[in-house]
Amino acid sequence: MIAKDSAGHQPPEVLAAQAETLWAEISAKKSAGTLTAKDRMAIPPQEMGTRDPEARARQMEEVALGYTEAQARCEAERCLGCKNRPCMSACPVGVPIPDFIACIQDGKYADALAVIKTANLLPAICGRVCPQEKQCQSMCTLGKGQKDIHKSVSIGRLERFVADYEREHGAISVPQIAPSTGKKVAVIGSGPAGLTVAADVRRAGHAVTVFEAFHKTGGVMVYGIPEFRLPKAIVSAEVENLKKMGVEFRTNFLVGRTETLEDLLEREGFDAAFIGTGAGLPKFLNIEGENLIGVFSANEYLTRANLMKAYLVGQADTPLYKASTVAVVGGGNVAMDAARMAFRLGAETVYCIYRRTRAEMPARAEEVMHAEEEGVDFRFLQNPVRIIGDENGKVRALEVLDYELGEPDASGRRRPVPKPGTEHQLEVDAVIVALGNDSNPLISQTTKGLDVTPKGNVIVNASQETSLPRVWAGGDIVLGAATVILAMGEGRKAAASINTYLASE
């Protein structure tokens, strides 16, 4: 009998061995020219190996281990190569998905990556953190035909495989750069939108300088997404490749304080600027006790751990707030990141408080599953009403109210309805609020004529142009807190518009 891990999964080495056997069968049929569409549909989806939950909940190493070559080849052979390409139409950056998977089917991994990079220069990142089940994989013919999203081709895992293969084999290539145009573009923010703009604009031959407020580049991919989900070395490698392309990075540069946007355009002579500063202003519950010691925004909590490495006790400059019982409020990916990080920072019990049910959670299904496996205690249909402190002003309990689901609201999800009189307390010593973010107002406050919404999001047209000439914007500063791939999609549109504008100049 094969031993399974603490969550009941087969060990990675077993999954790898099974794939080797399966690939031998598939390869024989391919060589004989007898592999049919029916055969492809019968190939089982390839499970990705993960670290054992019991051990990994205390470790910062990446949880998902990626495909072996045999697993990738087996999974790629499941693709039917649909002529109408429904998966591609659901990709925010328009990756030619059937084409890159066809390359994997032929064992041409460098060619597969070249196809991906025509639309996406950050495949190792997107392969790890994009919500493929809600985008490209949701439209896969296999999944829709069998009415089960889990039967779709694992596009994201294949994207990750070829990107990792390139990096691990030292074959990272620098994209071709057009001859210099003499034009200069300022990119404000080095998150996914900013890096995408920098890459596409630089490929067109324009000089690009990226301005980053923090001391490290990568934006939310570095300060927000934990190491165990997206290793920082991968983000660093992507940035290094941009540097090889000739993109300049200026860190510790806070546009709006160090210099204004107007200064960049007029005094420093940039011909165009892109605002990609993200959504970094956390939302709170606005309930009693939110000013107690031990209450954090998820932004602060994750930044301390991810960017400042608070978990390295005695080595990191930022202090670690010790808590044995932590409550995380929210149901998105950031809430999952915070809840799972709490275990890695020493918590013994972690609650996740969410006022709807699991079915309505906006977090990726894989992230919710990993959180459950690691021991997060989900308290669905509950919401905080006050935070209770001790005599020293520290958190000691969270009072929550029970909810039930009513009619659907504007989002299409059933509205949570409070159940009066059901208040009860959870004993906790830290509360992390993960309810999303608004846009930081610094750029809008220091830039005359820049139109924003009442919530502070920059207003743009279909080409990502703002109300100011020569200024574009995209990503979370426009969308509000969204996903890496949606930010990249906006970055691609902005870059295309910038390139068209500079060509006309």
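At 25% relative accessibility, L320 counts as partly exposed (buried is under 20% relative accessible area, exposed over 50%, partly exposed in between, with a 1.4 Å probe and protein chains only). The model is predicted: local features need pLDDT of at least 70, side-chain atom pairs count only at pLDDT 80 or more, and totals for chains, interfaces and linings use all residues. Residues are numbered from 1 along each chain as its sequence is written, and side-chain values use heavy atoms, without hydrogens and water.

L320 sits in the loop between α15 and β7 (325–329); helices (H or I, at least four residues) and strands (E, at least two) are DSSP runs numbered from the N terminus. Its contacts, leaving aside neighbours within four places in sequence, are A310, V313 and L345 (contact means heavy atoms within 4.5 Å). A310 is 10 residues away from L320 in sequence. Their C-alpha atoms are 5.3 Å apart.

## Helix α15

Helix α15 spans residues 298–306 and is mostly covered. Seven of its nine residues are buried. They are A298, N299, Y301, L302, T303, A305 and N306.

## Helix α6

Helix α6 (residues 97–105) is also mostly covered, with seven of nine residues buried. The buried set is I97, P98, F100, I101, C103, I104 and Q105. What covers them includes α1 (12–32), α2 (37–42) and α4 (69–76). The cover also includes α5 (86–89), α7 (109–116) and α10 (155–168).

## Where α11 meets α20

Helix α11 (residues 192–203) and helix α20 (residues 484–504) cross at roughly 30°, and their axes come within 7 Å. Axes are lines fitted to C-alpha atoms, for helices over the stretch in contact, and angles run from 0 to 180 degrees between N-to-C directions. From α11, the contact takes in P192, A193, T196, V197, D200, V201 and R203. From α20, it takes in V484, A487, M488, G491, R492, A494, A495, I498 and N499. By class, the contact has 10 nonpolar, three polar and three charged residues. Ala, Val, Leu, Ile, Met, Phe, Trp, Tyr, Cys and Pro count as nonpolar, Asp, Glu, Lys and Arg as charged, and the others, Gly among them, as polar.

V201 belongs to α11. Its relative accessible area is 0%, so V201 is buried. Beyond neighbours within four places in sequence, V201 is in contact with V185, H206, V208, A495, I498 and N499. K184 is 17 residues from V201 along the chain, and their C-alpha atoms are separated by 9.6 Å.

## The second largest pocket

The second largest pocket holds about 820 Å³ of space. On a 1 Å grid over the protein atoms alone, a pocket is an open set of points where a 1.4 Å probe fits, with protein on both sides within 12 Å along at least five of seven lines; lining residues have an atom within 4 Å of a point. Grid points are joined across faces, edges and corners, and volume is the space filled by probe spheres set on the points.

The lining has 35 residues. H150, S154, R157, E366 and M369 are the closest to the pocket centre. Two or more lining residues come from each of α8 (123–129), α10 and α17 (365–374). The largest share, six residues, is that of α17. By class, the lining divides into nine nonpolar, 13 polar and 13 charged residues.

N286 has a positive phi of about 60° although it is not a glycine. N286 lies in the loop between β5 (281–282) and β6 (295–297). With 71% relative accessibility, N286 counts as exposed.

Q464 is another non-glycine residue with a positive phi, near 70°. Q464 is in the loop between α18 (442–445) and β16 (471–473). It is buried, at a relative accessible area of 1%. P469 lies in the loop between α18 and β16. P469 counts as exposed at 63% relative accessibility. P469 and G449 are 20 residues apart in sequence, and 9.9 Å apart C-alpha to C-alpha.
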